[in-house]
Each structure stands twice: as structure tokens, then as C-alpha cells.
Amino acid sequence: MNELVKQDSPLSVSDVKGQIQVIQHVMREAMVKGTHFGIIPGCGDKPTLLKPGAEKLCLTFRLSPTYKVEKTDLPNGHREYDVLCTLTHIPSDKVFGQGVGLCSTMESKFRYRKAERKCPACSNTSIIKGKKEYGGGWLCFAKKGGCGAKFKDGDKSIEDQDVGRSENPDLADSYNTILKMAKKRAHVDAVITALAASDIFAQDLEDLTPSEDPYAKYQDLINLIKESISTEDYYSGSKAWFESSDDTKTHLWVAPTKGGPFTTEECKVIKSTAWREAYYGKTSDVGDGMQYENL
Ligand SMILES: [Zn+2]
């Protein structure tokens with residue numbers, strides 16, 4: 001950590017505000033791109049402050065967050081969390097600044113899910129794509145509770161099924177995730193606002209749809225995968241990933257240094273056995289047949 005930060009005399013609240021050079025120093029010396037802050041392709045050069053980065057800045061400036069959570073139950077099982085994050089300057093015990101964050105199951109990545117393919121033989125939703133080197137086609141996967149039936153590529157009883165998006169019937173499964181997201185958004189908002197750091201960090205970029213963003217049309221998928229990785233709940237993300245077309249996966253499999261949508265850490269997870277097993281179960285003889293080159 002740098003000496004500006006390590007000095008013993010605590011900075012006063014007014015000292016801390018506008019300490020842009022300290023923030024820039026911390027970014028250079030103690031933050032990692034893709035972990036503490038990210039660059040979203042097509043959104044200009046301003047980095048987005050990520051949760052670990054906000055935590056690092058709080059540590060640097062001796063700020064402690066507290067949260068006030070408001071829950072609103074909406075019709076049809078939907079829920080919204082409204083979070084107010086208050087940052088207290090630990091040395092002076094003064095309230096330093098506040099930020100707000102909101103997250104709701106009405107957001108498309110929680111509201112909808114892709115319908116699952118049903119096995120024409122046993123009616124279970126345990127159909128997976130067969131691995132190319134085992135002849136491709138479709139398999140009613142025993143480890144997902146299926147009957148083991150196999151179907152050829154082009155089989156209409158499988159491929160004509162409607163797998164478009166439908167309302168997610170299991171909204172309650174997302175309540176904890178949206179609470180975490182609302183808290184994260186409030187925390188990041190509080191740090192940027194309180195440190196007067198909006199010149200350095202962009203805010204709410206996830207809500208923008210930049211015209212030149214090559215990943216704009218995959219944003220829901222990318223968000224779902226990122227959320228799944230950050231909450232270590234791999235099933236939803238790996239399911240979305242492995243059920244995407246090879247074209248989509250190839251399109252998204254771009255190194256972070258080349259503006260790809262996933263961080264180095266996220267790419268590691270997507271290549272990992274744990275990720276594959278979250279969807280296919282513990283087995284070595286299935287997979288999506290993709291060649292994941294090192295990024
Ligand atoms: Zn079956």
C-alpha cells in the first residue's frame with residue numbers, strides 16, 4: 001500500500017473528499033483491472049467500479065458501510081430491494097456519505113428463463129446436447145434424472161420445442177441474489193459519491209446499452225453468467241452457457257485484454273471442471289465440445 005494511504009494521522013472528512021490522486025494511486029498500485037474495476041467495451045474509457053474495488057477504497061480511506069434495506073413485495077411473487085448505504089469515517093465517527101441501490105426480480109435476467117427441452121420418451125427436462133466426438137445429437141441425460149434416450153441432430157421432436165423465454169416460476173430463488181445486488185449497487189454508489197470520484201469511475205454502466213457494444217445483445221446472458229460466478233451458484237450460469245449456441249460461445253470467448261466480456265478470473269471458472277459439472281453432473285464423457293483456448 002502506498003505511503004499516502006499508510007500515514008498515521010487520520011485524514012479528516014474534508015481531506016478525504018476530492019483525494020483523486022490517492023484514488024488513482026490506489027488504482028495503479030493495489031487494484032487489478034477486471035477484479036477491482038472493469039472496462040465495458042463501447043462505454044468510453046471510464047472504468048466501472050466493482051465491489052472489490054469499492055471495498056478496497058473503503059479500507060484505504062477508513063470508511064465503514066452500514067445498510068438500511070427496504071423490501072417491497074410486488075404482484076406475482078416479484079420483489080424489490082431498496083438499499084441505502086451509509087459510509088462512516090471510522091477515525092472521526094462522522095457520516096461521510098450515502099449511496100442508494102435498487103434491484104428487483106422484474107429485471108429481465110431474473111424475470112425470465114429459457115424453457116427447457118423435454119424428453120419425448122420420459123417427459124423429463126433432462127435433454128442435453130451430445131458431445132460432438134460422441135456423434136452429437138441430443139441425449140436424455142441420466143445424471144439429470146433422464147431415461148438415457150438418444151436423438152439425432154435435426155430430430156423435430158426435440159428441436160421444434162419452444163425454448164424461448166418464459167416467466168420464471170421460481171422467483172423466490174432470486175431474492176437473496178437481488179438483495180446482494182442492491183447492497184452492492186448502494187455500496188459502489190456511496191463510495192463514488194462520497195469520494196467525489198465520478199470523474200474517475202463511471203456509474204450504472206450496466207444500465208446503458210451502448211451502440212457500439214459488440215456484446216449488447218448478449219448482455220442478459222453475460223450478466224447472468226457473471227452473477228452466477230460471483231455468487232458461486234454455478235448452475236444457472238453454466239446452464240445458460242452450455243445451452244447457448246457454439247457461435248454465441250465463440251463470439252463471447254474473447255480475452256479481457258481484447259475487450260472480451262469476461263474477466264480473466266471468470267474465464268478460468270468457465271473453463272473449469274466445476275463449471276462443467278454444475279450443468280452436466282460429475283462425468284468425464286460429456287461436454288459442449290467447444291475448444292476453449294487460453295485467454
Ligand atoms: Zn428421457
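## Basis and confidence

The model is predicted: local features need pLDDT of at least 70, side-chain atom pairs count only at pLDDT 80 or more, and totals for chains, interfaces and linings use all residues. Residues are numbered from 1 along each chain as its sequence is written. Here pLDDT is the predictor's confidence in each residue, from 0 to 100. Helices (H or I, at least four residues) and strands (E, at least two) are DSSP runs, numbered from the N terminus.

The mean pLDDT of the protein is 83. A value of 70 or more is reached by 87% of its residues. Among the elements, strand β3 (residues 63-73) has the highest mean pLDDT, 97. Helix α1 (residues 3-6) has the lowest, 42. Over residues 1-8 the pLDDT is below 50, and this stretch has nine contacts beyond near neighbours in sequence. Two residues are in contact if their C-beta atoms, placed from the backbone, lie within 7 Å. Residues 207-212 also stay under 50. The model gives them six contacts beyond four places in sequence.

## The β3-β4-β5 sheet

Three strands form an open sheet in the order β3-β4-β5, with antiparallel pairing. Two strands pair if DSSP finds at least two bridges between them. β3 and β5 (94-104) are the edge strands, each with a single partner, so one side of each is left without a neighbour in the sheet. Direction ignored, neighbouring strands are turned by 15 degrees against each other on average.

β3 pairs with strand β4 (residues 79-89) over 11 bridges. Within this pairing, E70 has D82 of β4 as its bridge partner. The two strands form a hairpin with five residues between them. In its turn, N76 has a positive phi of about 60 degrees. β4 and β5 pair over 10 bridges. Here T88 is bridged to V95 of β5, and L84 stands opposite V100 in β5. The β4-β5 hairpin has four residues between the strands, and D93 takes a positive phi near 60 degrees.

Helix α7 lies across β3, β4 and β5. Its direction is at about 140 degrees to β5. Axes are lines fitted to C-alpha atoms, for helices over the stretch in contact, and angles run from 0 to 180 degrees between N-to-C directions.

## Helix α4 and its partners

Two packed helices are described by the angle between their axes and the distance between the axes. Helix α4 (residues 51-60) packs against helix α7 (residues 175-194) at about 45 degrees, with the axes 9 Å apart. That makes α4 oblique to α7 (angles under 35 degrees count as roughly parallel, over 145 as roughly antiparallel, 65 to 115 as roughly perpendicular and the rest as oblique). The crossing is left-handed, a term for a near helix turned anticlockwise from the far one by less than a right angle; clockwise is right-handed. K51, A54, L57 and C58 of α4 meet K184, H187, V188 and V191 of α7. The contact residues divide into five nonpolar, one polar and two charged. Ala, Val, Leu, Ile, Met, Phe, Trp, Tyr, Cys and Pro count as nonpolar, Asp, Glu, Lys and Arg as charged, and the others, Gly among them, as polar.

Helix α3 (residues 20-30) packs with α4 at about 120 degrees, axes 11 Å apart. The two are therefore oblique to each other. Their crossing is right-handed. I23, V26 and A30 of α3 contact K56, L57 and T60 of α4. By class, four of these residues are nonpolar, one is polar and one is charged.

## The β7-β8-β9 sheet

A further open sheet has three strands in the order β7-β8-β9, again antiparallel. β7 (127-129) and β9 (150-151) are its edge strands, each pairing on one side only. β7 and strand β8 (residues 138-140) share three bridges. I128 has L139 of β8 as its bridge partner.

## The α8-α9 pair

The axes of helix α8 (residues 219-230) and helix α9 (residues 234-242) come within 7 Å and cross at roughly 145 degrees. The crossing is left-handed. L221, L224, I225, S228 and I229 of α8 meet Y234, S236, G237, A240 and W241 of α9. This contact has seven nonpolar, three polar and no charged residues.
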